[in-house]
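Q: Hi! Could you walk me through this structure?

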Amino acid sequence: MEYRDLERLGISVSLLGYGCMRFPTKDDGKIDRMEAEKLIDTAYENGINYFDTAYFYHEGESEPFVGSALSKYKRSTYYMATKLPPWQVNSLEDASRIFNKQLERLDMDYIDFYLLHSLNKKMWDKMVRLKVPEFYDELKKQGKIKYFGFSFHDDYEVFEEILNHRQWDFCQIQLNYMDTMEQAGIKGYHLAQRLGIPVVVMEPVKGGLLASLPDDISHKLKENKPDASVASWALRWVANLPNVKVVLSGMSSREQLEDNLKTFNVFKPLDLHEQSIIEDVSKTLKNRVNNGCTGCNYCMPCPKGVDIPYNFRIWNNYGIYQNRNSALQQWENEIPDNQKAANCVSCGLCEKVCPQKIEIRNDLKRLQKEFERL
């Protein structure tokens, strides 16, 4: 297993981290504990020493399961990461109660990496107002947490504000070769690097989309490395960045785990030719968008409640990745019927303010028909 040093913290972590959000489940949605524990054991035995869970993963079942599965191993041989849900915290008493419940669920005396979960501007402002970071500084002094950080989902400017607010031990961002300009993005990575703050990366394969690319794109990758999986290219691209200390992967099957272990047990950085292939793949995929919506929200609010940018986001993702199952999952589960394109009445107000001059009304009709066909 490849390990990376967190020099300022004086520790070494496995470059591949186990994301504990997507364990195999039974028909009732509960974790298949027998199969999931086999995955944890295989991961640990192959050198993975970083396990990342959260208060709400698997509807609260992940923390107690992971704590139980790891209890057979010496506590000092692995690092446990979990997260505080800021949206559930309205006082320091809430923060304390949730933290103590997490210790109880995990059946541990301390947590190695503790994060403020999924920060955006609103949640960060609330955490500052309630003095939550100071509360966790005290828990660090007591030895109940070792390292304090945050995970992030907002724009770069918010990331910059949070990162410069205090001395963080680490941060966690979404990053992959298709999302370099999304959220904190590659600019956020470089800021963290300049400040000496280690980076943990989530979504390195973009929720699985970069593990199952259109055939013509997959062929480009397979042509260069026939024995390498499509997913391994995305993982290696992220791991090529020296200040990325952990690449999280939510491995839900033995096949995924074994493939990732193959990538990280003998890790090989991307050479210049391979980097150029990834750049070409990224450019080709991005050219497949259905329209040029940038999500600027100038078209909002729609008088009929249509979430125009989100409709276009799902549609453009389908155009790029041509992944029918993923597109339908988003269309059916992530956008309410009253916000879908079918509610457009062609009033045209949105087109008057669109900086990209998109024919929004026509595109909404096109995407509605396309998803109905799917």
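**Chat about the structure**

A: Let's begin with Cys 350, which is buried, with a relative accessible area of 9%. Keep in mind that this is a predicted model.

Q: How far is the sulfur of Cys 350 from the closest cysteine sulfur?
A: The closest one belongs to Cys 347 and lies 5.9 Å away, which is too far for a bond.

Q: OK, and how many disulfides does the count come to?
A: The count comes to 0 disulfides. Cys 293, for instance, is in none, and the nearest cysteine sulfur, that of Cys 299, is 6.3 Å away.

Q: Is Cys 293 buried, exposed or partly exposed?
A: Cys 293 is partly exposed, and its relative accessible area is 25%.

Q: Switching topic: which strands close into the barrel, and in what order?
A: There are 8 strands, and the order is E3-E4-E5-E6-E7-E8-E9-E10, with parallel pairing. On average, neighbouring strands of this sheet are turned by 25° against each other, ignoring direction.

Q: What joins E3 to E10?
A: Strand E3 (residues 16-19) and strand E10 (residues 244-249) run parallel and are joined by 3 bridges. Within that pair, Gly 17 stands opposite Leu 248 in E10.

Q: And which strands does helix H7 touch?
A: Helix H7 (residues 185-195) packs on the sheet and touches strand E8 (170-174), strand E9 (199-202) and E10. The direction of H7 makes about 165° with that of E8.

Definitions and conventions
Residues numbered from 1 in each chain as written. Predicted model: local features only at pLDDT ≥ 70, side-chain atom pairs only at ≥ 80, totals over all residues. Heavy atoms only, no water. Pairing = 2+ DSSP bridges. Helix = DSSP H or I, 4+ residues; strand = E, 2+ residues; numbered from the N terminus. Axes fitted to C-alpha atoms, helices over the stretch in contact; angles between N-to-C directions. Contact = heavy atoms within 4.5 Å. Disulfide = S-S within 2.5 Å. Buried < 20%, exposed > 50% of the residue type's maximum accessible area, 1.4 Å probe, protein only.
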